[in-house]
Amino acid sequence: MRDSATLKFGGKEFHSRLILGTGKYPDYPTMQKALEASGTEIVTVAVRRVNLDRKQESLLDYIDLKRYTLLPNTAGCYTAEEACKYARLAREVGMSEMVKLEVIGDQRTLFPDNEGLLNATRTLVKEGFIVLPYVNDDPVMSKKLEDAGAAAVMPLGAPIGSGLGIRNPYNIRIILEMVQVPVIVDAGVGTASDASIAMELGCDGVLMNTAIAGAKDPVMMADAMRKAVEAGRQAYLAGRIPKKLYASASTMMEGMIE
C-alpha cells in the first residue's frame, strides 16, 4: 500500500498527498490562492468555526467543492461527546461523512486525549463515518485506532502550530510498520524540508495549516510545500543509500593505471 501511486482511504482516491487547513490566513482570497498553488485535493475546516447557515460571508464561500474534497474537523473539542456532536453536525449539513477527529487533552500543548479519541473513533465508525483521528506519535495507540476502524491515522510531528518539524521520526517509522492504513503526518511542519522528511520516511501524506497560512508569503510557501511533498515521496520510492560512518569513494579505483 505504501507504494501505491495515489493516496487512498474511505473508498476515495487522491493524487495529491498534501492536505491543507483553512485557518489563520490573512484573508480568504489569500487562502484561495494558496490552496490552488499547493495542488491539494483535500481541504480541512473546523466545524466549530464555520458559519454553516451561509446567510453571512462564510469560509465555505471561498472553497470550490467541485474541485476540493471537504474534510471537516473537530478542532477545539475536549471530550469524545463534544467531538462526536460536531462530526454529526457536519454530516447533517452536508459537509462530509469524513471527519478529521480531534479530541484535545491539554489546552496548553493541544496534545490529543488518547482515551477520548479512541472512544470517539469507535462511536463514529459504528455510525458510518470515515474517521481520520489526530493522534500523538504513539505506535500502540495508532494500532488501536486502526483496529477500531479508523480509515487512516494522523500522528503529530510536533505540537500544533509549533513549526518544530518531525521531532521523533523513529516513532513515525514504527507507526508505519505497525499499521496498514494510511499514515498522514499532522501538525508541527514548519517549512518545506519538514514535509519532505515526513514523506521520505514513507508517510502517505502530510496535513498542514500554520506553516503555509503564517508564512510571509503563503502562496509561495504553498507552492514550496507541494514540491517538497512530491520530492520527498519520489525520494522514498527511489530508495536512499544506507548511511555509513566512513567515506565511500564514488569512483572505482580498481584497475586504474598508476
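Contact means heavy atoms within 4.5 Å. The structure shown is a predicted model.

**View A. Helix H6 and its cover.** Helix H6 spans residues 192–200, and its buried residues are Ala192, Asp194, Ala195, Ser196, Ala198 and Met199. The cover over these buried residues includes strand E9 (184–186), strand E10 (205–208) and helix H8 (218–238). Just after H6, Gly202 has a positive phi of about 110°.

**View B. Ala187 in the loop between E9 and H6.** This loop holds Ala187, whose phi is near 95°, a positive value in a residue other than glycine. Ala187 has a relative accessible area of 11%, so this residue counts as buried, the cut-off being under 20%.

**View C. Thr74 and its contacts.** Thr74 is in the loop that runs between strand E5 (69–73) and helix H2 (80–92). With a relative accessible area of 0%, Thr74 is buried. Leaving aside residues up to four places away in sequence, Thr74 touches Ala83, Tyr86, Ala87, Val99, Lys100, Leu101 and Glu102.

**View D. The largest pocket.** The volume of the largest pocket is about 700 Å³. Its lining consists of 35 residues, and those nearest the centre of the pocket are Lys24, Arg49, Ala75, Ile160 and Asn209. Strand E4 (42–46), E10 and helix H7 (210–213) are the elements that give two or more residues to this lining. E4 contributes the most, with three residues. E10 is also part of what covers the buried residues of H6.

**View E. Lys24 at the largest pocket.** Lys24 is one of the lining residues nearest the centre of the largest pocket. The loop between strand E3 (18–21) and helix H1 (28–38) contains Lys24. Its phi is near 70°, a positive value in a residue other than glycine. Lys24 has 58% relative accessibility and therefore counts as exposed, because the cut-off for exposed is over 50%.

**View F. A nonpolar surface patch.** Val140, Ile174 and Met178 form a nonpolar patch on the surface. Together, these three residues have about 230 Å² of accessible area. Met178 belongs to helix H5, which covers residues 169–178. The relative accessible area of Met178 is 33%, so Met178 is partly exposed.

Methods: Residues numbered from 1 in each chain as written. Predicted model: local features only at pLDDT ≥ 70, side-chain atom pairs only at ≥ 80, totals over all residues. Heavy atoms only, no water. Buried < 20%, exposed > 50% of the residue type's maximum accessible area, 1.4 Å probe, protein only. Helix = DSSP H or I, 4+ residues; strand = E, 2+ residues; numbered from the N terminus. Patch = residues over 30% accessible without salt bridge, like charges linked within 9 Å, V, L, I, M, F, W, Y side chains within 5 Å. Areas by Shrake-Rupley, 256 points an atom, 1.4 Å probe, with all protein chains shown as cover. Salt bridge = Lys/Arg side-chain N within 4 Å of Asp/Glu carboxyl O. 1 Å grid on protein atoms, 1.4 Å probe; cavity = no way out; pocket = protein on both sides within 12 Å on 5 of 7 lines; lining within 4 Å. Points joined across faces, edges and corners; volume = space filled by probe spheres on them.
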